[in-house]
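Subject: Handing over a structure, with notes

Dear colleague,

I am passing on the structure below, and I would be glad if you could read it alongside the notes that follow.

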Amino acid sequence: MFHLKSEFKPSPAQKEAVSRLLKHFETKSHPATLLGVTGSGKTFTMAVLIKELSLPTIVISHNKTLAAQLYTELKTFFPENAVCYFVSYYDYYQPEAYIPQTDTYIAKDASINEQIDRLRLQATSHLLSRKDVIIVATVSCIYGIGSPEEWQEQSLKIFKGQIISPQEVSKALAFIQYERNDMELSSGKFRLKGQVLEVFPPYAQEPVRVIWNKDRVDRIYTFDAINFIKKQEIESIIIFPAKFFVTSPVRLEEAIKSIKEELEERVKFFKREKKFLEAERLLQRTRYDLEMLKETGYCHGIENYSRHLSGRLPGEPPYCLMNYFPKNFLTIIDESHVTVPQLRGMWAGDFSRKKTLVEFGFRLPSAIDNRPLRFEEFKSLLDKVLFVSATPSEYEIKESKGVVVEQLIRPTGLPDPPVIVKHMKGVADDILKNIKELKKKNHRALIVTLTKKMAEDLSSFLLTRGIKSQYIHSDLGTLERIEILKKLRQGVLDCVVGVNLLREGLDLPEVSRVLILDADKEGFLRSKTSIIQIAGRAARNLESKVILYAEKITPAMKEAIEEMKRRRQIQIEYNRKHKIQPKTIVKKIAENEEFIQKLKGSALKYAYEDVPLSPTPQMIKALEEEMRQAAENLDFEMAIILRDKLKKLKKRI
């Protein structure tokens, strides 16, 4: 099913790893672990394993940035197969909550990224329509998304020669949450003009046009959304719902009935307890939602009624992405030492918040069943499982029952980078000195701080010193983070400053210096595992060095340095024995249309990029506005940078 395309040939270490894993999965049912050092080609080993097993696969990562990188790499390896991206579609998310101590209700507030929502729908539609599917996901894959059976049953099938009127199709599309808009055709919308219907499924790359001859479907084809030119004639099409939570009219009627019954029971409970405010609050909120469900089949916060809509019993796990997979599939948990604890901890936090909402009458008790899976429930849905990490924890090793396949040799011959310890005194000047040295070689740096504020302040400081710098942390949008790392590789940026996102898995061959501040502040961010993982970002360049800035050498630092020395020595001995000359990894910078976005405003663009050769008056006006805005926000460093750029632009004009 899977066609692996790559200029790489598996190294002896990779061949041995794949052979052992294949043998294990053919005979055993328990998980296995792939212990591969940074830069040893774990992703390529995973790709070869996927090809050989030929099973639908989900690769679970612990953050969106790493998931995007894995998605890009696997899409390069499998250009003819369905490689999909499934992460949380929120750029910003404030969950619904209530704080009893201050009587503060916080309504759900979210900013949905339509691009990522489209990719999520694309993932599920591929799972239900083909077998050669690889999905790269974050832990959002354990959150409820509606029943796969209902989602598939509500899909609309249209084929040539079908006897169905345009009005019937229009009505069916509206029911599965497509919005009619006769002026603009965009994702999740449709328009009907006479005998021609155009629909743009949110998971599709191109819209579809259906033409009728009276009540018979005459032609179906895809077309270009910009110039409306016909692209490909097709015989039939399945249009999946525009949202995950859709249900049949019969199921909806049953759901409304059971919601009413639960509401009556809960209101009686509150009145018995003399909680009249809670009873009235719940009555008003739920009745409004019921009216919306009855009239439109949808309401704000519909996920809170998912148990009723899917016909589940109290306490039953919700349907999630894992339910869309067939019985036999492969699960790869990447950077498992971080991802497994995340999967394990999701349920408890969600339950605590929902319990308070239920107790104070903001939600029905059934809202608690709209939740992420408990870890045991998640495990019960899996088939073949592979943990992948350079530093697996005791849990993965125990679950693997001794099947730990080591991949310690890098095909490039690159040893672990040497580690230098320096005092924190004069750290800013030393960072500047290092980056200026790297600029002469066209190399880049990663700087790791302890807090977001430190990352932002250090990035601003470097900008004022002429260094093209950008901070990166969880407050930035998913696509924005991807864009920043791409600009680092391209040389638009000299360095990136971050906290915890510059760790596991990031593949940046141009980075030859990793600078870790406050390396002696013991804790999760400066543990032995964390230091090894951060240092690994420099393991793809022959001239790499890792600098730990600290006031003392802690046990975690000492253990990390010793482990890296041990691995470095193993690689050096292997190189000597096999006469391998180490070389820097050369990796093409991939262009993925899914992740291409325009920077918001011109401030970032002109702060980091060179002055355009042909600036326009509009450009000047936009930049002046950005400069004034920066000054109003008291971001004077950025205002100064933009002022200097303005001077250069005006001079060039």
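In what follows, a residue is called buried when its relative accessible area is under 20%. Please keep in mind throughout that this is a predicted model.

By that criterion, the buried residues of helix H10 are Ser336, His337, Val338, Thr339, Val340, Leu343, Asp350, Arg353, Lys354, Thr356, Leu357 and Val358. The helix covers residues 336–359, and at 1.5 Å a residue its 24 residues should span 34 Å, which agrees with the 36 Å that separates its end C-alpha atoms.

Turning to the sheets, one of them is open and consists of 6 strands in the order E20-E25-E24-E21-E23-E22, with parallel pairing. Its edges are formed by E20 (419–422) and E22 (469–472), each of which pairs on one side only, and the twist from one strand to the next averages 20°. E22 is joined to E23 (residues 495–498) by 4 bridges in the parallel sense, and Gln470 stands opposite Val496 of E23. Helix H16 (residues 528–535) packs on this sheet, where it touches E21 (444–448), E24 (511–516) and E25 (545–549), and its direction makes about 150° with that of E24. Helix H17 (residues 555–578), for its part, lies across E20 and E25 and runs at about 155° to E20.

Another open sheet, again of 6 strands, has the order E10-E11-E12-E13-E14-E15, and here the pairing is mixed. Strands E10 (179–180) and E15 (230–233) stand at its edges with a single partner strand each, so one side of each is left without a neighbour in the sheet. Within it, E12 (residues 196–200) and E13 (residues 208–213) pair in the antiparallel sense over 4 bridges, and Val196 has Ile211 in E13 as its bridge partner. Helix H6 (residues 166–175) packs on the sheet and touches E10, E11 (189–193), E12 and E13, its direction making about 160° with that of E11.

Finally, the cysteines: a search of the whole structure finds 0 disulfides. Cys84 is in no disulfide, since the nearest cysteine sulfur, that of Cys141, is 14 Å away, whereas a disulfide requires two cysteine sulfur atoms within 2.5 Å. Cys84 has a relative accessible area of 0% and is therefore buried, and Cys299, at 1% relative accessibility, also counts as buried.

Methods
Residues numbered from 1 in each chain as written. Predicted model: local features only at pLDDT ≥ 70, side-chain atom pairs only at ≥ 80, totals over all residues. Heavy atoms only, no water. Helix = DSSP H or I, 4+ residues; strand = E, 2+ residues; numbered from the N terminus. Expected span 1.5 Å × (residues − 1). Buried < 20%, exposed > 50% of the residue type's maximum accessible area, 1.4 Å probe, protein only. Pairing = 2+ DSSP bridges. Axes fitted to C-alpha atoms, helices over the stretch in contact; angles between N-to-C directions. Contact = heavy atoms within 4.5 Å.
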